[in-house]
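Load the model in your viewer and keep the selection panel open. Each stop names what to select and then says what is there.

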Amino acid sequence: MSVTMEKIVSLCKRRGFIFQSSEIYGGINACYDYGPLGVELKKNIKEFWWRSMVYAHDNIVGLDAAILMHPKIWEASGHVAGFTDPLVDCKVCKQRFREDEIDPDKLEKRQCPRCGNKGSLTEARQFNLMFKTHMGPVEEDASVVYLRPETAQGIYVNYRNVLDSSRQKIPFGIAQIGKAFRNEITPGNFIFRTREFEQAEMQYFVKPGDDEEAFQFWKDQRMTWYQKLGIRPDKLRFHQHGFDELAHYAKAAFDIEYAYPIGWKELEGIHNRTDFDLSRHQDASGKDLTYFDDAARERFLPFIIETSAGVDRTLLTCLVDAYEEEALEKETRTVLHLDPQIAPVKAAVFPLVNRDGMPEMAEKLYRELKGEMKVFFDASGAVGRRYRRQDEAGTPFCITIDSQTMEDETVTIRDRDTMQQDRVPMVKLKAVLKQRIWNAGNGDG
Ligand code: GAP
């Protein structure tokens, strides 16, 4: 049975991965809250990214810039003038659309994609996607600030600070994970396109002329990263932006796309932004942002290669890719084959039955493990049901304390994917679990 977005939404709500924001008030469109399992999964994905981008590269450092920034940043970056989508309305059914998403045949007839009325679409208006608010108590033009629509600009305007304080030399990168906000005209498909989301971006500063090699390097690195995250390679591909698709700042761009139930869609963008951003900020701020290369005795404005991933979209990809409804002899089990490294709960501990000292022994083991990893204790219901609950949550291992444990201090480890069990001495359990969880992938992200 194939995975659909509806099945993912239903599993997420049922098991506490993701909820509609403000649900008890009827919900707010295109905003979502992460529940107990979702927040663990998201945290693990972010850690996986951070380890592979920052800790694995001596020349990449981290940053956490404020969401609210000087409004001149968004003028210089081109977002005030150009971060727009063409919005059209249907005069009959009042539905709104992005003009560039309407079928060209229908568009020619100004035919509404929803109600089908011809000649009912208005001319396109450019709609700016940035959320505007005011800083301080007075709502006037002078106090306008924006919720950042990308984390990248926080990095560009701190480039000098980081360079001067971290003793990095070009080429070097700055990585950041943080919230971004876009007043999307057509949000949807669950957390695929929302109005509040998180980005994991890395901006790599290089000497002009070295940009194409760096672009190729990061393009390959990022594709490999998704495979290390456990995503099936045949569901991933590159899409090169044609000239008409390129963002206002980019000389070249590739998307990494995934085959979602809604079709092939962008998961991450890799862009050669040239010196566009630094030259704009240099001009607008009046501050010198050039770099002096000591060895070559030359001064230049660095080019930037950007890798821009969506954390929520990566999480959705992990869920879609991991989801399976597996037909067993007498039943169908829903299982999330998440890579153990990012699984929200690493192991569940069960007493086989609630007597003969097994619950006490299981609880003792649970307490020992929980200092090391996220574990779950469950003593309620038939053990088969308990396995199924963990399969749906993506828990890679279930540890069971049974009557043999009481005799020889061994426990069974059940593997989520194969459903096979093997027996391990309790004293070795921690080491065995760590090996199976963190050596399951490459460990280094
Ligand atoms: N700094 C470059 C930049 O922001 P982008 O292609 O607009 O580039 C990068 O966005 C990534 O951010 C996308 O590939 C996607 O994963 C994520 N993203 C963008 N808009 C999003 C939205 N409305 N909801 C969820 N994720 C979004």
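This is a predicted model: local features need pLDDT of at least 70, side-chain atom pairs count only at pLDDT 80 or more; totals for chains, interfaces and linings use all residues.

Select the ligand and the residues around it. The space taken by the ligand is the largest pocket. The elements that each give two or more residues to the shell are β10 (196-206), β13 (263-274) and β16 (303-310). Colour β13 on its own: with six residues, β13 provides the largest share of the shell.

Now colour the shell by residue class. Ten of its residues are charged, six are polar and five are nonpolar. The shell has 21 residues, of which Glu-150, Thr-194, Glu-201, Glu-266 and Glu-306 come nearest to the ligand.

At Glu-201, a polar side-chain atom lies 2.6 Å from a nitrogen atom of the ligand. At Arg-182, a polar side-chain atom is 2.8 Å from a ligand oxygen atom. For Gly-310, display the backbone instead: one of its N or O atoms lies 3.1 Å from an oxygen atom of the ligand.

Leave the ligand and select the aromatic side chains. They form 16 aromatic pairs. Zoom in on Tyr-32 and Phe-190: their ring centres are 5.1 Å apart and their planes stand at 80°, so this pair is edge-to-face. Finally, trace the chain between them. Tyr-32 belongs to strand β2 (residues 32-34), while Phe-190 is in the loop between β9 (172-181) and β10. The pair links distant parts of the chain, 158 residues apart.

Conventions: Residues are numbered from 1 along each chain as its sequence is written. Side-chain values use heavy atoms; hydrogens and water are left out. A residue is near a molecule or strand if one of its heavy atoms lies within 4 Å of it. A polar contact is a pair of N or O atoms within 3.5 Å; within protein, one must be able to donate a hydrogen and the other to accept it, and residues adjacent in sequence count only if both atoms are side-chain atoms. On a 1 Å grid over the protein atoms alone, a cavity is a set of points where a 1.4 Å probe fits but cannot get out, and a pocket is an open set with protein on both sides within 12 Å along at least five of seven lines; lining residues have an atom within 4 Å of a point. A molecule sits in a cavity or pocket if more than half of its atoms lie within 2 Å of its grid points. Helices (H or I, at least four residues) and strands (E, at least two) are DSSP runs, numbered from the N terminus. Ala, Val, Leu, Ile, Met, Phe, Trp, Tyr, Cys and Pro count as nonpolar, Asp, Glu, Lys and Arg as charged, and the others, Gly among them, as polar. Rings of Phe, Tyr and Trp (its six-membered ring) pair if their centres lie within 6.5 Å; planes under 30 degrees apart count as stacked, over 60 as edge-to-face and the rest as tilted.
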